[in-house]
Protein chains: 2
Amino acid sequence: MTISSLRISNLRNISESELDPAKSNNLIWGSNGSGKTSILESIYLLGRGRSFRSSKAGPLIKKSEESLSVFSQYNKQNQHYRIGISKTNTSTEVKINEENINKLSSLASILPLHIITPQSHQILEREPEFRRRFIDWGVFHVEHDHNQLLSRFIKTLNQRNAALRSDTGQARIWDRELIKTGEQINAHRFKYLQLLEEALKNELDLFLPIFKCTFDWRPGWDREKGFEHALKETFQSDCKRGFTQSGPQRADLVIRIDGQKAAEVASRGQQKLLITALKIAQIKVTSQINGEEQILLLDDLAAELDRENLGKTLNRIQALSVQSFITATDDILFKDFDIERVFHVEHGRIDTG
Amino acid sequence: MTISSLRISNLRNISESELDPAKSNNLIWGSNGSGKTSILESIYLLGRGRSFRSSKAGPLIKKSEESLSVFSQYNKQNQHYRIGISKTNTSTEVKINEENINKLSSLASILPLHIITPQSHQILEREPEFRRRFIDWGVFHVEHDHNQLLSRFIKTLNQRNAALRSDTGQARIWDRELIKTGEQINAHRFKYLQLLEEALKNELDLFLPIFKCTFDWRPGWDREKGFEHALKETFQSDCKRGFTQSGPQRADLVIRIDGQKAAEVASRGQQKLLITALKIAQIKVTSQINGEEQILLLDDLAAELDRENLGKTLNRIQALSVQSFITATDDILFKDFDIERVFHVEHGRIDTG
């Protein structure tokens, strides 16, 4: 599964640029602000319909232009796709083989991609929401109805919360639907985490052999008693607070190293290795289930890694059957490694070599 | 103002180690997880009484040990200090010249230090609280009663909020004190920001000449109408919500580049340059007012910067009269620069050279 050509128009500081990526590793290097991350953003747009750096289209569109567009030729299991996306400040248009597509999740199914950026530390450092998002993204690729299920759950939850606040005593009529969707979401997540943990073992042995990492799944309620019981038990205090206190919207994955929170005991570099291990395990699980090749974007891979660990990471990526796009401020650190194609970016212009 | 010797015991993976830093630039390099950031943590402990990586002492203390300690010899304006700090899981003991010190803020006044880490991006990316903390830290060094004022304000605010929730109608009795302290806090912050903006000009010209950065101060209420008016205006809705909606606890500094939020338009490297400019401006303001030299900690300085910008940053730091401690995964990137002393760290052991 590879992108064989990529054309970018008016995205950040890139006016018009084209590149023909190689099937395996692609290195994109340039100075700060040259536009290298914008190339990753353009690929991410093709796979997810939005940027990983900004929720709004505005900052993505080149100054004094009204729209941006990205177009790619893309091969997957002997099929050839032409995928295009264009964005104005207010609208998004997606075309696959010249046909308009309304659902952005179609993109995610066709072009499954993973990304590691300096912000990926959020998985370890920040609120449970960031870990749920990581897990749900993985689940979506193995259980395609997961996103619909999540939407249905959130809709029911909002209705229950509104009823809790309106004092009509009607809140509990939503419980049945809430329990049904909530337990299904948890079952998906739990099953996925088991696969992920299995796939992780090898990666952790490789990347963090000195540590003992443990993963503790919290579904959002007392696991012994179950979701239904939790809803009953907290109903009085739910009414008082005006929102539902248990459920998959409160789930978390506690990641520990030698018994303590990973973000507190591992160095930044070690955290990056742990995140890399998690993402590689995610890629492995997806390809086990779907037999699918995937795309991996690595923004500023060398940052925070020493030379040995950079090498380890590159070798591991090469061993996976992914097409990868790696950015760097310098190509010097990559001289010893087998990089299939190198692009240099300067002031938004891309050159091969 | 310099640390002339530093002794670390049982901090993370450092059992017992000693180093004699140089007066200007010190480079500390080693592999991922070697212990280089722990050395910065030990210096930070001396200046602030806590770590920048963890709010708890537990993760700082070496495994299977019960306490950590850091001791330093320190010279400031021809005075010699011996500063020591030790921590167990539940207690902190600070000694300055063998005398026990109860207030951690005494450390901050004696040993003013600044830090830039990969997490410093939070100033641009995250909630207003992170920008308020940055500003208040700067204000504290020029208005020494600022922290007391903040505590007094928070105490009054909590009393007002409790009264709002208790429906006794007594909430407004706190308004006079709230307005008095709140306006004083804002006056401090506003005055400080004007100094900061002035000091920033030169730094922005140097680090980000292609951008137009603007700073928009929001005191936490409508500036035209004032704090008193804002409190009156929102009183009914404060009662309903159970908390005070205007005041310096809601202040923010909106940082824009070419009219858009800096975190959305600047690349990660450019953001790092902007943060560096802000911190250098902060150092300049503090030394203008206090005539004080300061200490600057730079964790993984090279990450996300290209070689030219790394050079620019190092040259600029050399031109300030600060003692600096820079960590790196490799010394190769620093070969071309004038570094006064180099330390190599391996498995928690520190060697000169």
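Q: How many nonpolar, polar and charged residues are in the lining of the second largest cavity, by class?
A: This is a predicted model: local features need pLDDT of at least 70, side-chain atom pairs count only at pLDDT 80 or more, and totals for chains, interfaces and linings use all residues. Ala, Val, Leu, Ile, Met, Phe, Trp, Tyr, Cys and Pro count as nonpolar, Asp, Glu, Lys and Arg as charged, the others as polar. The lining holds two nonpolar, six polar and six charged residues.

Q: What volume does the second largest cavity have?
A: A cavity is a set of points on a 1 Å grid over the protein atoms alone where a 1.4 Å probe fits but cannot get out. Its volume is the space filled by probe spheres set on the points. Here that comes to about 140 Å³.

Q: Which residues lie closest to the centre of the second largest cavity?
A: The lining, meaning residues with an atom within 4 Å of a point, counts 14 residues. Both chains take part at the centre: A:Gln122, A:Glu125, B:Pro118, B:Gln122 and B:Glu125.

Q: What is the volume of the largest cavity?
A: The model has four cavities of 30 Å³ or more. The largest has a volume of about 310 Å³.

Q: Which residues lie nearest the centre of the largest cavity?
A: Its lining has 26 residues. Helix H11 (307–319) of chain A and H11 (307–319) of chain B each give two or more of them. Nearest the centre are A:Ala302, A:Ala303, A:Leu333, B:Ala302 and B:Leu333.

Q: How many residues of the lining of the largest cavity are charged?
A: The lining includes 14 nonpolar residues and two polar ones. The charged residues number ten.

Q: Which C-alpha of chain A is nearest the axis?
A: Least-squares superposition on C-alpha atoms (pLDDT of at least 70 in both copies) puts chain A on chain B by a rotation of 180° with 0.0 Å of shift along the axis, at RMSD 0.0 Å. The two copies are therefore related as by a two-fold rotation axis. At 2.3 Å from this axis, the nearest C-alpha in chain A is that of A:Ala303.

Note on methods: Residues are numbered from 1 along each chain as its sequence is written. Chains are lettered from A and ligands numbered from 1 in the order in which they are written. Side-chain values use heavy atoms; hydrogens and water are left out. On a 1 Å grid over the protein atoms alone, a cavity is a set of points where a 1.4 Å probe fits but cannot get out, and a pocket is an open set with protein on both sides within 12 Å along at least five of seven lines; lining residues have an atom within 4 Å of a point. Helices (H or I, at least four residues) and strands (E, at least two) are DSSP runs, numbered from the N terminus.
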